[in-house]
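Thank you all for making time this morning. I would like to walk you through one structure, beginning with a pair of helices and then widening the view.

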Amino acid sequence: MRIDSRKKFESVVEKARKRSASRENEILVCCGTGCLANGAQKVADAFGREIEKRKLKAKVKPFVKGTGCHGFCEKGPLVVLQPRGTFYTKVRVSNIGRILDETIAKGEIIPRLLYTNPADGEKIEKYSDIPFYKTQNRVAMRNIGRIDPTDLDDALAAGAYAGLAKALFEMTSEQVLEEVEISGLRGRGGAGFSTARKWRSCIKAGGDRRFVLCNGDEGDPGAFKDRSIMEGDPHSVLEGMIIGAYALDAREGYIYVRDEYPLAVVNLDKALAQAREAGLLGENILGTGFDFDIRISRGGGAFVCGESSALMRSLAGKTGEPRAKYVHSTERGLFDLPTVLNNVETWADVGAIIQKGGAWFASMGTDESKGTKAFSLVGKVKNTGLIELPMGTTLRHIIYDIGGGIANDRPFKAVQTGGPSGGCVPESLLDLPVDYEKLTEAGSMMGSGGMIVMDDRTCMVDVARYFLGFLIEESCGKCTPCREGLKQLRSIYDDLVAGKGQNGDIDRIERLSQGMQLGSLCELGKSAPNPVISTLRYFRGEYESHVRDKACPGGICPDLTAYRIIEELCDGCHGCAVACPTDCISGEKKKLHVIHHEACISCGACFDACPENAIETFPKVELEPEVA
Amino acid sequence: MATMTINGKTVKAREGAYLLEAARTAGFEIPTLCHFEGLEPWGGCRLCLVDITREGWDGWCKMVVSCLYPVEEGLIVLTDTERVRETRKVVLDLLLARCPDAPLVRRLAAEHGIEQTSYKASDEPTDCILCSLCTRVCDHIGVSAIATMSRGAGREVAPPFNEAPPDCIGCLACAEICPTDCIPFETSDATRKIWGKEFEMLRCGQCGRAHITRDQAAYYDGRNGVPVSYYELCDTCKRRQQAEAFNRLALVK
């Protein structure tokens, strides 16, 4: 079935809507990567089998649908029973019989499978009532979790390609550009460059061949929003790109996806084939005479290939190394031709902006940063997962209201945003409204939306060292400051955490960081010192303790930290002794236990195992000299 | 022509040139390690950093590598600001830690006031500064027998799989262009050895000097159609032959 006119498009959408409406009882099984890893596919298959077997008395036969990621991965596999919206977590194959017999057939809820609000222990039945979802406002992720990403009709029923139809049938390419301009949309990949300005400068570059690219090389540790969009709603990405190509008068597009995202590649491939078959992509799109096609290019998993010039080199079949961008890629990009590269989330926003209008998008967010932004909320929070919120939401709201607070109710210490190029924001800035400018002012950045929450059991020196380690692996090595500088920074940090820090180390770190910021070739190297500089800015005391006192205030660095049991709190449960990998804890059950420091490797397993919080850390230098 | 100011001096530079060329032509010294006239600029060593600004930027400066920044009308270029010097020093300090024994690096570092690296000297010192001149000249010739492999701190120049490179023609361009002379090779009248591959030398039919490898001659034959027989004489003897021919012509006249 090829859609070749407006009438045909409308009738196809209408048919898809009717089909969707007829499926009153829908069982949505999250089949995102996280839930799949937890056995979601088995759950979905079992639902199908059991429904056949049971001949359910329900009026409408339930329809089982595998969807994209709901964002609440740690509670997976997730199942939503529509139309009621009952939300079951951690569903196993063994639960399915009961769900069908009780909830579907009789409308009885199974409390054990419901989500428990960590704030008050209350069970919450409905998806929409869960605090994690309640205050979210999903634009880029509008259909994820609701639709089957491999079913075009399902996407059409949910409004996919309505923006494209509007653009092609009602708007000129200039009007599309104006609408994007009004929306105030800025790049969701991190840098936050105005999307409309980028498109305009590409048009200004002239020529009759230009490219539209999608950057799906999301590589920040802890970030997975782009993956979820590509997996859960690939059509939203395609729609945005086709609209962009229409505005830019481009004929060729590429989606660059990192190879570590196999499900994204599969779902995008299916979506491309479906869109082509339906006349939404390829030649003569929707019968309007506009031609545009998209191909997928799989990256080899180099972090640096998320950088635009490296991505384009990699796409062209060369080594993924950045080049100086004094001439912008909008003028000389892929194959030295004018190119627009936008992030997955940016493209996913475009369709909604055209459909609902730029003013609608601009009504959300802050003065400079409009619209909503997706974040991957991870680390020491009670609810981890994918969220999308209006720009300007405070960190406090994100961490405490949506994230449910810090895991195990420990004190909050910092939140790392923006991945390896970002920085750590301390508690004093928790009321910071999250937008591009505010995060930059705080010494961090938006990046690709990763948010790693850290509690008091975190050593900030160690955190900076972790990111340096990541970047050493990922630096391309083309320019001297990044390649050699990271190596030297890391070596200084290795000394710091080993208690070999010397006076002047902090100065050396600062001088080297500045040299890297000013001297490096691409943004990877220029921003590589950000985790270093931001932790130094807010947690300088911790650095000084490492250098001067040979102590780790966070009680993390094993070479500087020793553990002891607090006499009054120990109830002799023996849990620590069981957890200890070196058997250095002695004590009989129900009696005080003791840590023997000679054999202790300061791994912290006892600390994590103790239910009474009866284990504390102290600087190793305070141990008796013969032991230390 | 673009009119710019470099360190206060008004300079006219040809359109399409880069700042490095313009500054050097105007008599300003800018250090480089990965630059070679005749090869595309690359921007890897980061020594040729300069500050640029414009009227109306309110004194705000942007640091760029001069080898890749195109000349622009009205640009104000500062090649020797405090932060330019400081950043160059960081780069040289880092290179000195990597290549503590390379004379060129030592000399440049000393010129910038660094006698000893302030960082940890490499456990495996090398003279290779990873300027990629060797791989770039090899690409430029069209052979691409060597390349950089791995990334980040593990980056190194090597033939594929660290085996004798099948595409290498033994032209020695890589070794000749290397600013720190760190590509080892052996050459004699009979054979030449580089990158673990041995080449047969073609000797001049007249003076007997070995002047080209057989692979080189075959490569040029395949590319330009210049037959291998053209290399029976070395360039010197070919010129001598020509000169003698001209001489004879002159006598006849």
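Let me start in chain A, where the axes of helix α10(A), residues 225-232, and helix α11(A), residues 234-248, come within 5 Å and cross at roughly 95°. Please keep in mind throughout that this is a predicted model. Since angles from 65 to 115 degrees count as roughly perpendicular, α10(A) and α11(A) are therefore roughly perpendicular to each other. On the side of α10(A), the contact is made by Ile229(A), Met230(A), Glu231(A) and Gly232(A), and on the side of α11(A) by Pro234(A), Ser236(A) and Val237(A). If we sort the residues of this contact by class, four are nonpolar, two are polar and one is charged.

Stepping back to chain A as a whole, we find 25 helices and 20 strands, and the C-alpha atoms fill a box of roughly 85 × 65 × 40 Å along the principal axes. How does the radius of gyration of chain A agree with that of a compact globule? For 628 residues such a globule would have a value near 25 Å, and chain A, with 27 Å, agrees with this.

Let me now turn to chain B, which has an open sheet of five strands in the order β2-β1-β5-β3-β4, with mixed pairing. The edges of this sheet are β2(B), residues 9-13, and β4(B), residues 62-65, and because each has a single partner strand, one side of each is left without a neighbour in the sheet. On average, and with direction ignored, neighbouring strands of the sheet are turned by 35° against each other.

Looking at one pairing in detail, strand β1(B), residues 2-6, runs antiparallel to β2(B) and is joined to that strand by five bridges; Met4(B), for example, has Val11(B) in β2(B) as its bridge partner. Finally, helix α2(B), residues 82-98, lies across β3(B), β4(B) and β5(B), running at about 155° to β3(B).

Terms used:
Residues numbered from 1 in each chain as written. Chains lettered and ligands numbered in written order. Predicted model: local features only at pLDDT ≥ 70, side-chain atom pairs only at ≥ 80, totals over all residues. Heavy atoms only, no water. Pairing = 2+ DSSP bridges. Helix = DSSP H or I, 4+ residues; strand = E, 2+ residues; numbered from the N terminus. Axes fitted to C-alpha atoms, helices over the stretch in contact; angles between N-to-C directions. Contact = heavy atoms within 4.5 Å. Rg over C-alpha atoms; globule rule 2.2 N^0.38 Å. Parallel < 35°, antiparallel > 145°, perpendicular 65-115°, else oblique. Nonpolar A, V, L, I, M, F, W, Y, C, P; charged D, E, K, R; others polar.
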